[in-house]
Amino acid sequence: MNISKRVEQITPSSTLAITAKAKQLKQEGHDVIGLGAGEPDFNTPSYIIEAAYKSMLEGHTKYTPAGGMQSLKEAIQQKLQNDQQLSYSTDELIVTAGAKHALSLLFQALLNEGDKVVIPAPYWVSYPEQVKVAGGVPVIVESKEENEFKVTPEQLEASIDERTKAFILNSPSNPTGVVYSKEEIKALAEICLKHDIVIVSDEIYEKLMYQSTVHVSPAQLSEQVRNQTVIINGVSKSHSMTGWRIGFAAGNQALIKGMSNLASHTTSNPAVMAQYGALAAYQENDDAVEEMRQSFEGRLEKSFERLQQIDGVECVKPQGAFYLFPNVRKAVESGGFTDVDEWAKTLLEEEKVAVVPGSGFGAPDNVRLSYATSLEQVEAALDRIERFIQKHK
Ligand code: PLP
């Protein structure tokens, strides 16, 4: 059957492909170490699970408003106030089935056919695909590794034309883990204001910040920038709730209304019990979140140190999220591999270590290693990677 051109052009997610292959090898009895995961390895804190369970027993098992329960919107409103001193009315908030769904609704509500969205590379794999599905055109701007994978204001300005509608800022970044400073965000935001471009600020890793780095949202810079920004966030990474599928967007009221209307005709509300779980997550203090953050930071420090000892690998030190994004070009070349995809595939076959090739993130010299798995596993994987590189020199 002929499927639509719109869907035909979608590239399958590279992160899911490698995870599937690793899973298959594991099922065949191989000792596979998966560093492909895009989710925390902890269980969801128990108070959240209990709140969701209790809500169902109390009869909260029916439809809610498509854009989310009022009580959850109020809890998100409070979270934005407490964490970022940002004031939003509940009409400026929508609850969605994960941050991914918020982004997808956003592009569909924002873009007309041919509108352009500037996406810094390396990028999270779904941005270009979501923009395309919404009829938009992704404009990829390659950040330089020497500049810690951050786009410069000059690069942003040079990528803009009259069809540019939005710019995606993802700090901390998936896959690089780098964090933009307040000054860097300010310089980019000024350009967006000048050209009337919407800033899509994906803050899903906001709570996973290390080395005392402070998270800054463009919306915090000024009222003007706030009005030009749509914040995307959710509980997936902060509260280890990836499977619950709760995210949110905060931004312009008309845009949010458009997104809610779209949700009302497609998904309807995000699962009600998951909304109750998220409500508990946002109403409770962040002790459990902080405990997970500290654990990630410990793993980052140790695994980064170990990674630096491996010949043929260079890595920008991340300040957030739970990924390392080393450049393995030297190892790929000296091993005689055609590209990083082949290198990663052979690594999985020979050493049973699953990493995600950077090609899917627009960075063909790098691989993404997730340390959202025990330190013991990460260290064993790094030993295997070193052995693999030595073997193929
Ligand atoms: N944005 C980024 C940068 C991500 O890495 C992810 C998940 O991997 C998402 C959004 C989606 O988050 P969610 O699971 O809440 O849909």
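The model is a predicted one, where local features need pLDDT of at least 70, side-chain atom pairs count only at pLDDT 80 or more, and totals for chains, interfaces and linings use all residues. Residue numbers start from 1 along each chain as its sequence is written.

Seven strands make up an open sheet with mixed pairing, in the order β2-β8-β7-β6-β5-β3-β4. Strands here are DSSP runs of E with at least two residues, helices are runs of H or I with at least four, and both are numbered from the N terminus; two strands pair if DSSP finds at least two bridges between them. β2 (93–96) and β4 (137–142) sit at the edges with a single partner strand each, so one side of each has no neighbour in the sheet.

Now for β3. Five of its six residues are buried (20 or more other C-beta atoms within 10 Å of their own, with C-beta atoms placed from the backbone), so β3 is largely enclosed by the rest of the structure. β3 (residues 116–121) runs parallel to β5 (residues 164–170), joined by three bridges. Here V117 has A166 as its bridge partner, while V118 stands opposite F167. Six bridges tie β3 to β4, again in parallel, and A121 faces E142 there.

As for the ligand, 13 residues lie around it, with G98, A99, K100, N174 and S236 coming nearest; a residue is near a molecule if its C-beta atom, placed from the backbone, lies within 6 Å of it.

Methods:
A residue is buried if 20 or more other C-beta atoms lie within 10 Å of its own, exposed if 12 or fewer, and partly exposed in between; C-beta atoms are placed from the backbone.
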